[in-house]
Amino acid sequence: MSIQAVIEEKLQALEPTFVAVENESHRHAVPANSETHFKVTVVSGHFQGLMPVKRHQRLYALLADELAGPVHALALHLYTPQEWAARGEARPDSPNCRGAGA
């Protein structure tokens, strides 16, 4: 199973109404077909009442094995359903990696 698929499966514990896991490794200075850098967007009622740092900690706990091994970086975009609706169901674009051309 790919790292991306493992992440997607583990995120189901949050009972998301929307989840997107995007492998952005190709935008970084890593070998082809790497699974090291991911953009993760999760919309879940489990985030209700939690400050952003607590939401991030919850994801880090879920993905502890991946972060201890193959995953180098996660760009996390974590919303309640109300926040997601207020954003027009849009997440920010990722910036280009400065080291990709190195």
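Here are some friendly notes on the predicted model above, from the overall fold down to single residues.

1. **Ground rules.** This is a predicted model, in which local features need pLDDT of at least 70 and side-chain atom pairs count only at pLDDT 80 or more, while totals for chains, interfaces and linings use all residues. Residues are numbered from 1 along each chain as its sequence is written, and side-chain values use heavy atoms, with hydrogens and water left out.

2. **The overall layout.** The chain has 4 helices and 3 strands, and from the N terminus on they follow the order α-β-β-α-α-β-α. Helices (H or I, at least four residues) and strands (E, at least two) are DSSP runs, numbered from the N terminus. Of the 102 residues, 33% count as buried; buried means under 20% relative accessible area, exposed over 50%, and partly exposed in between (1.4 Å probe, protein chains only). Among contacts (heavy atoms within 4.5 Å) between residues at least 6 apart in sequence, 63% join residues at least 24 apart.

3. **The sheet.** The strands form an open sheet of 3 with the order β1-β2-β3 and mixed pairing. Its edge strands are β1 (18–23) and β3, each pairing on one side only. Neighbouring strands are turned by 10 degrees against each other on average, direction ignored. Two strands pair if DSSP finds at least two bridges between them. β1 and β2 run antiparallel and are joined by 6 bridges, with Asn23 standing opposite Phe38 in β2. β2 and β3 pair in the parallel sense over 7 bridges, and here Thr41 has His77 in β3 as its bridge partner. Strand β3 (residues 73–79) is mostly covered, with 5 of its 7 residues buried.

4. **Helices against the sheet.** Helix α1 (residues 3–11) lies across β1 and β2 and runs at about 160 degrees to β1. Helix α2 (residues 52–62) packs on the sheet too, touching β2 and β3, and its direction makes about 125 degrees with that of β3. For these angles, axes are lines fitted to C-alpha atoms, for helices over the stretch in contact, and angles run from 0 to 180 degrees between N-to-C directions.

5. **Lys39, worth a look.** Lys39 lies in strand β2 (residues 37–43). The side chain of Lys39 does reach the backbone oxygen of Pro92 at 2.5 Å. Leaving out residues up to four places away in sequence, Lys39 touches several others, including Ala20, Ala75, His77 and Arg91.

6. **Arg91 and its partners.** Arg91 is found in the segment after α4 (81–86). The side chains of Glu22 and Arg91 meet in a salt bridge (2.7 Å, N to O). Glu22 lies in strand β1 and Arg91 in the segment after α4, so the pair ties together parts that are 69 residues apart in sequence. Arg91 is partly exposed, with a relative accessible area of 27%, and Glu22 is also partly exposed, at 27%. The side chain of Arg91 also makes a polar contact with that of Thr41 (3.3 Å). A polar contact is a pair of N or O atoms within 3.5 Å; within protein, one must be able to donate a hydrogen and the other to accept it, and residues adjacent in sequence count only if both atoms are side-chain atoms.

7. **Other salt bridges.** A search of the whole structure finds 4 salt bridges. Glu83 forms one with Arg55, the closest N and O atoms being 2.7 Å apart. This pair links helix α4, which holds Glu83, to helix α2, which holds Arg55, across 28 residues. Arg55 is buried, with a relative accessible area of 7%, whereas Glu83 is partly exposed at 32%. Salt bridges that share partners join Lys10, Asp65 and Glu66 into one network.

8. **Two backbone spots to check.** Most residues other than glycine have a negative phi. Glu15, in the loop between α1 and β1, has a positive phi near 50 degrees. Glu89, in the segment after α4, has a positive phi near 55 degrees. Glu15 is exposed at 58% relative accessibility, and Glu89 is exposed at 55%.
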